[in-house]
Amino acid sequence: MSNPDQADGDHDGAGDLCDAPTLGKLRVKRAKRRFKVSYELSEAAVVTFRVDRRKGRHWRRMKGRFTNSGHAGPNSFRWNGKLRGRRLRPGRYRLAARALDTSRERSRTVRTRFVSLARWN
């Protein structure tokens with residue numbers, strides 16, 4: 001039964017507290033020696049990012065990940081392009097992101113492609 005005092009943005013009767021966070025508009029842009037990562041969240045959550053490298057016709061998951069705490073609405077941060085302390089080699093990559101809110105609900109995984117150019121000095 002729905003609670004009339006509880007917000008219900010998608011009108012499913014469960015209320016917004018039971019809904020998983022929505023992650024969208026994931027983008028990666030080169031910014032000098034770093035990357036600018038931007039995304040949107042439907043509610044406050046911690047976003048975990050993983051990187052896949054293009055190997056022939058397949059994507060291979062790289063070891064390592066990084067996280068960012070985001071609030072509802074648009075978020076962005078600068079990423080130094082390193083995983084486990086090592087800078088990405090030149091090549092084609094894919095960034096995968098997944099949000100986890102305070103009630104342990106997970107969003108669906110969102111992916112976007114980006115390119116790492118020749119090594120920076």
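Which strand gives the most to the lining of the second largest pocket? Before the answer, a word on the basis of the description: this is a predicted model, in which local features need pLDDT of at least 70 and side-chain atom pairs count only at pLDDT 80 or more, while totals for chains, interfaces and linings use all residues. Residues are numbered from 1 along each chain as its sequence is written, and side-chain values use heavy atoms, with hydrogens and water left out.

The contributor in question is strand 8, with five residues; strands are DSSP runs of E with at least two residues, numbered from the N terminus. A pocket here is an open set of points on a 1 Å grid over the protein atoms alone, where a 1.4 Å probe fits and where protein lies on both sides within 12 Å along at least five of seven lines, and its lining residues have an atom within 4 Å of a point. The second largest pocket has a volume of about 260 Å³, volume being the space filled by probe spheres set on the points. Of its 13 lining residues, Thr48, Arg50, Ala97, Arg98 and Arg106 lie nearest the centre, and the elements that give two or more residues are strand 3 and strand 8 (91-100).

The largest pocket holds about 430 Å³ of space, and among its 13 lining residues Arg53, Met62, Lys63, Leu88 and Arg89 are the closest to its centre. At least two lining residues come from each of strand 3 (45-55), strand 4 (58-70) and strand 7 (86-87). This lining divides into four nonpolar, no polar and nine charged residues, where Ala, Val, Leu, Ile, Met, Phe, Trp, Tyr, Cys and Pro count as nonpolar, Asp, Glu, Lys and Arg as charged, and the others, Gly among them, as polar.

The structure also holds nine aromatic pairs, that is, rings of Phe, Tyr and Trp (its six-membered ring) whose centres lie within 6.5 Å, with planes under 30 degrees apart called stacked, over 60 edge-to-face and the rest tilted. Phenylalanine 66 and tryptophan 79 are stacked, at 4.7 Å centre to centre and 20° between the planes; phenylalanine 66 lies in strand 4 and tryptophan 79 in strand 5 (residues 73-79), so the pair ties together parts that are 13 residues apart in sequence. Tryptophan 79 has a relative accessible area of 5% and is therefore buried, a term that means under 20% relative accessible area with a 1.4 Å probe and protein chains only. Tryptophan 79 also pairs edge-to-face with phenylalanine 114, at 6.1 Å and 80°.

Methods:
Helices (H or I, at least four residues) and strands (E, at least two) are DSSP runs, numbered from the N terminus. Buried means under 20% relative accessible area, exposed over 50%, partly exposed in between (1.4 Å probe, protein chains only).
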